Amino acid sequence: MKIPVEIIDRSTGEPVRATLFDAITVEHFMETQNEWRPLVLEAARRQAASAQAARADIPVHFHWDWTRKESQLALLAVHFYGIEYLGKLQGIMKAETVGHVCRLPEQRGKPLIYIDYLEVAPWNVKSIMEALAKPTRYGAVGTRLVEAAVRQSIEEGFKGRVGLHSLATSEYFYLEVCEMTPVGRDPGKQNLLWCEFTPEQALIFVGD
Amino acid sequence: MANKKTMTLNLTEPEMQVLEELSRQKELSKTALLRQAIRLYQLVDARLARGEKLLFEDEKKKAKAELMIL
């Protein structure tokens, strides 16, 4: 799968045509480790050292390592998606089709797509680039990836149901931008907030 | 989504009944349910091959049972 998607060039405010794809390889994982991780780590260091920076802005995913997921590339239950623009990976997502079910009372136990990991390139994250005193490059990358999860959910027969555990720094995005429902904190998962799309919310989100 | 291939599946009447019941419960088509089953089987098999165990736990009885997979 390889389809064009629009992301926003922050320098002009204009949409540009990027590519959403699912043929993720270990080279993409290495790209995140070699090109993204140093920037995320540096931003975390600067924010931790700054008295002015809000603790909530410190990127808590600085330790992520996508290369550890190489063995999962062959699993049918695991789907990886990426967004590429100008030859650079702008965002990446790992979604699972088994092992998780809905928790909202009205759809409890129903199958869903679980977004296990979603990361956009650090140059597309406002708080990270502010810490590095540089401009943010592209917007709507995370939104396009969540849309891909919803579309997969529809294709699987899950009617658009999607669930995830949100990092504290991402709660605004999932609740206010995606308008997912906050179901509750999960003590079994570092007390992260479990968020969920109903079919109705999912269809509104993707504009169908 | 990758190109799909079609196959004919022969099931016994009880197997078909279970497939239909699970499809109804999960609100999935029979094809979608079988695809999920294949993914789950592969996932469990891969984790068992890594040396992990698949356990069922009954919290009330404080009992754990290991599920053996072919």
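Two strands are said to pair if DSSP finds at least two bridges between them, and the legends below use the word in that sense for this predicted model.

**View 1. Strands E3 and E4 of chain A form an antiparallel pair.** Strand E3(A) and strand E4 (residues 88–96) of chain A are joined over 8 bridges in the antiparallel sense, and within this pairing Phe80(A) stands opposite Lys94(A) of E4(A). The hairpin that these strands make has 2 residues between them, and in it Leu86(A) takes a positive phi near 55°.

**View 2. Strand E3 of chain A also pairs with strand E2.** Strand E2 (residues 14–21) of chain A runs antiparallel to E3(A), to which 3 bridges join it, and Leu20(A) is found opposite Ile83(A) of E3(A). Because 7 of the 8 residues of E3(A) (residues 78–85) are buried, this strand is largely enclosed by the rest of the structure.

**View 3. Helix H3 of chain A is largely enclosed by the rest of the structure.** Helix H3 (residues 141–156) of chain A has 16 residues and reaches 23 Å from its first C-alpha to its last, which is close to the 22 Å expected at 1.5 Å a residue. Of the 16 residues of H3(A), 12 are buried, among them Val141(A), Leu145(A), Glu147(A), Val150(A), Gln152(A) and Glu156(A). The helix is followed by Gly157(A), whose phi is positive, near 90°.

**View 4. Chain A is in contact with chain B.** In this view 11 residues of chain A are in contact with 13 residues of chain B, and the side of chain A that touches chain B has, by class, 6 nonpolar, 2 polar and 3 charged residues.

Conventions. Residues are numbered from 1 along each chain as its sequence is written. Chains are lettered from A and ligands numbered from 1 in the order in which they are written. This is a predicted model: local features need pLDDT of at least 70, side-chain atom pairs count only at pLDDT 80 or more; totals for chains, interfaces and linings use all residues. Two residues are in contact if their C-beta atoms, placed from the backbone, lie within 7 Å. Ala, Val, Leu, Ile, Met, Phe, Trp, Tyr, Cys and Pro count as nonpolar, Asp, Glu, Lys and Arg as charged, and the others, Gly among them, as polar. A residue is buried if 20 or more other C-beta atoms lie within 10 Å of its own, exposed if 12 or fewer, and partly exposed in between; C-beta atoms are placed from the backbone. Helices (H or I, at least four residues) and strands (E, at least two) are DSSP runs, numbered from the N terminus. The expected span of a helix is 1.5 Å times one less than its number of residues.
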